[in-house]
Amino acid sequence: MDYEKVIAERDSLQQENIYLRKEIEQLKRLIFGSRQERYVPQEADSIQLSLFDEETKPQVSIPEKEKISYERNKPVKKHPGRNEIPEHFEVEEIVIEPEGDVTGMVKVGEQITEYVEYVSASIKKIRLIRPTYAPKEGEGSFVIAELPSRALPKSIAGEGLLTYMIIRKFIEHMPFYRQIQSIKREYEWEIPSSTINDWFAAVCTLLEPLYKLLKEKVLESGYLQVDESPIKVQDADKKGATHRGYQWVYHSPEEKLVYFDYRKGRGENGPKEILEKYEGLLQCDGYKVYDKIVKRKKIIHLAGCMAHMRRKYYEAKDSDKEMSDYALSIFNRIYQFESQFKGLDPKERKGQRIKSILPLLEELKKWVDENQNKVLPKSPIGKAMNYTILQWSKIMRIFEDGRFELDNNLIENKIRPLALGRKNYLFAGSHDGASRIAMMYSFMGSCTANGVNPSHWLKSTLQKINDTKLTELASLLPNKF
């Protein structure tokens, strides 16, 4: 028997086993587990089983801890009291007289009790009446007032109703078909789904020039974060089947604007077309498409995402707790420093990062170099270390310009509503529908980035856009609201 061949097959099967177990764990986490990646440092479990024999297990050097004790006055927590009722709420006063005869009695005071009640929203019919006047003695022409400007003049839907339905879908994640059911139940009014889809398509057509301007403003920024997220699209050619499309997201932290661009695939054609004339800084994850795009000289720096690097070690916690804890503890210290640098100008932030954060990353890199050959390459911790090495040069570019964030979390927050929406409406009805979804998430995400109420913005914009000149269109963008 060829013992070397048997040993080689055993090692190969062992690596495959570890890989498949990790894949199953990730699938279970996606289906049943929390997506939160919070890391709380804990003492290593002395009885935890290891995949490595005692003599082959890598020795991880963890900094010694010292216990510091001191006394301080315990702060006295005051009860915040009852939540105040906002002053802008409409007030309805109800006077409750006591039972019995109060004739001849003198009112000396009153006790007031306040609480908040919900009153169902209303849908009402607006009837515009325009009197027509004939000229005196048959001279001149008839006089009648002009119709006020409306977003969709030929539609029975007003700006308030259009805003209500769009906000419910893209902010509250309620599909149109469920809104139809709700309106029928509460207001005894049944709206055909085709009618609502026509309204939505008409609104998107109306907002198309503003959407294009939003794209221009995003690409004029000197710093962009880029990411992509899948979306299912109903395939007209295959009954019952869906196509896997992608929403490419471009976020300008400086302008506080976000632009979603729907593409049928994840290839380089989409971002290559969008970024063709872009000049500035670019930040992304480790997807290789970005490396191909940034070979042009106009993109000054291509920086990586530290959150993606950290995530690899978080995913390795179940298979190698000791080593992943060591790496995660370094990332914890990095982000503790970064939280102190918020509000600094780019030049100051760059200097503070080089002083405080760069040494910690170099410590991580040294540890990876020392331990990478001691772990299985296909194991989760092996993949995490390999990702660190592959992305190292991009991570180092973060320290070349203080405008860079440490990670792409800002843009991932803008994608989160899309992920929530996918769970509710499941898929887009067509490729055109997916493009309209991209438009709405662009506007909603930009409103969120600027702290603007998306409902107020959308209604106001629908009321104004038909009367706004193209040269003044920028005044309607969320960052100008």
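This report covers helix packing, loop residues, a surface patch and salt bridges in a predicted model.

## Ground rules

In this predicted model, local features need pLDDT of at least 70 and side-chain atom pairs count only at pLDDT 80 or more, while totals for chains, interfaces and linings use all residues. Residues are numbered from 1 along each chain as its sequence is written, and side-chain values use heavy atoms, with hydrogens and water left out.

## Two packed helices

Two packed helices are described by the angle between their axes and the distance between the axes. Here, helix H8 covers residues 321-340 and helix H10 covers residues 358-371. Helices are DSSP runs (H or I, at least four residues), strands are runs of E (at least two), and both are numbered from the N terminus.

H8 and H10 pack at about 165°, with axes 10 Å apart. The two are therefore roughly antiparallel (an angle over 145 degrees, on a scale from 0 to 180 between N-to-C directions).

## Positive phi in two loops

His-173 is not glycine, yet its phi is positive, near 60°. His-173 sits in the loop between helix H2 (159-170) and helix H3 (176-187). His-173 is buried, at 11% relative accessible area. Buried means under 20%, exposed over 50%, and partly exposed in between (1.4 Å probe, protein chains only).

Lys-256 also has a positive phi, near 55°. Its loop runs between strand S4 (242-252) and strand S5 (257-263). Lys-256 is partly exposed, at 42%.

## A nonpolar surface patch

Ile-126, Leu-128 and Leu-147 form a nonpolar patch on the surface. Together they have about 310 Å² of accessible area, by the Shrake-Rupley method with a 1.4 Å probe. Patch residues have over 30% relative accessible area and no salt bridge; nonpolar side chains are joined within 5 Å, like charges within 9 Å.

Ile-126 lies in the loop between helix H1 (3-32) and strand S1 (132-133). Ile-126 is exposed, at 58%.

## Salt bridges

Side chains of opposite charge can pair when their charged atoms come close. The structure holds 13 salt bridges (a side-chain nitrogen of Lys or Arg within 4 Å of a carboxyl oxygen of Asp or Glu). Glu-110 pairs with Lys-107 at 3.2 Å. Glu-110 is exposed at 57%, and Lys-107 is exposed at 66%.

Glu-273 and Arg-263 also meet in a salt bridge, at 3.2 Å from N to O. Glu-273 lies in helix H5 (residues 269-274) and Arg-263 in strand S5, so the pair ties together parts 10 residues apart in sequence. Arg-403 bridges to Asp-401 at 3.0 Å. Arg-403 is partly exposed at 28%, whereas Asp-401 is buried at 16%. Glu-338, Arg-349, Arg-353 and Glu-405 are linked in a network of salt bridges.

Definitions and conventions: Parallel < 35°, antiparallel > 145°, perpendicular 65-115°, else oblique.
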